[in-house]
Amino acid sequence: MFLDTYLPFAENGSGDLLYVDTRGGQQQGFVREFGWEVADDCNPVSASLTDYVDSVRISVESGTEHSGLLPTFEEGALIWDVDYSDSPPPVPPPKPTVIRIPFALTSFLPSQIGPEDDLIDLDVVRQAIIDTA
């Protein structure tokens, strides 16, 4: 639940917000993240807005990652690219299954039923053919 005492100052493009927590207590003034999936159930990002802005400045000046993003410049504009360095390499897709038919096709007419037809479930037919083969 987003509270009135949260002061939002940034949005990440997917709806998640960074905000300053202005409630009283030990974390007053902390920068936190509000995600639409987990609300405010995240650890503080920074101890203050000043510290957060300073960490962004250092990231931009040094070209180092900040909050999963890498700062780059294109034609004088600051662009934040996603940092995939901690991500595992992508898994290649499995090779397609080859079905060998033990008989020669002597007469073959393509099916007149298409994906938009609801007479039969084509996925069930495909699986039955694979299982039979």
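**Close-up 1. The hairpin formed by β4 and β5 in the predicted model**. Two residues separate the strands of this hairpin. Glu75 lies in the turn and has a positive phi of about 50 degrees. Strand β4 covers residues 69–74 and strand β5 covers residues 77–82. The two run antiparallel and are joined by six bridges. Among the residues involved is Pro71, whose bridge partner in β5 is Trp80.

**Close-up 2. The open sheet of β1, β2 and β3**. The sheet consists of three strands in the order β1-β2-β3, with antiparallel pairing. The edge positions are taken by β1 (6–11) and β3 (31–34). Each of these has a single partner strand, so one side of each is left without a neighbour in the sheet. From one strand to the next, the twist averages 35 degrees.

**Close-up 3. Pairing of β1 with β2**. Strand β2 comprises residues 17–21 and pairs with β1 over five bridges. The sense of this pairing is antiparallel.

**Close-up 4. Glu33 in strand β3**. Asn43 is ten residues apart from Glu33 along the chain, and the C-alpha atoms of the two are separated by 7.9 Å.

Technical notes:
Residues numbered from 1 in each chain as written. Predicted model: local features only at pLDDT ≥ 70, side-chain atom pairs only at ≥ 80, totals over all residues. Heavy atoms only, no water. Pairing = 2+ DSSP bridges. Helix = DSSP H or I, 4+ residues; strand = E, 2+ residues; numbered from the N terminus. Axes fitted to C-alpha atoms, helices over the stretch in contact; angles between N-to-C directions.
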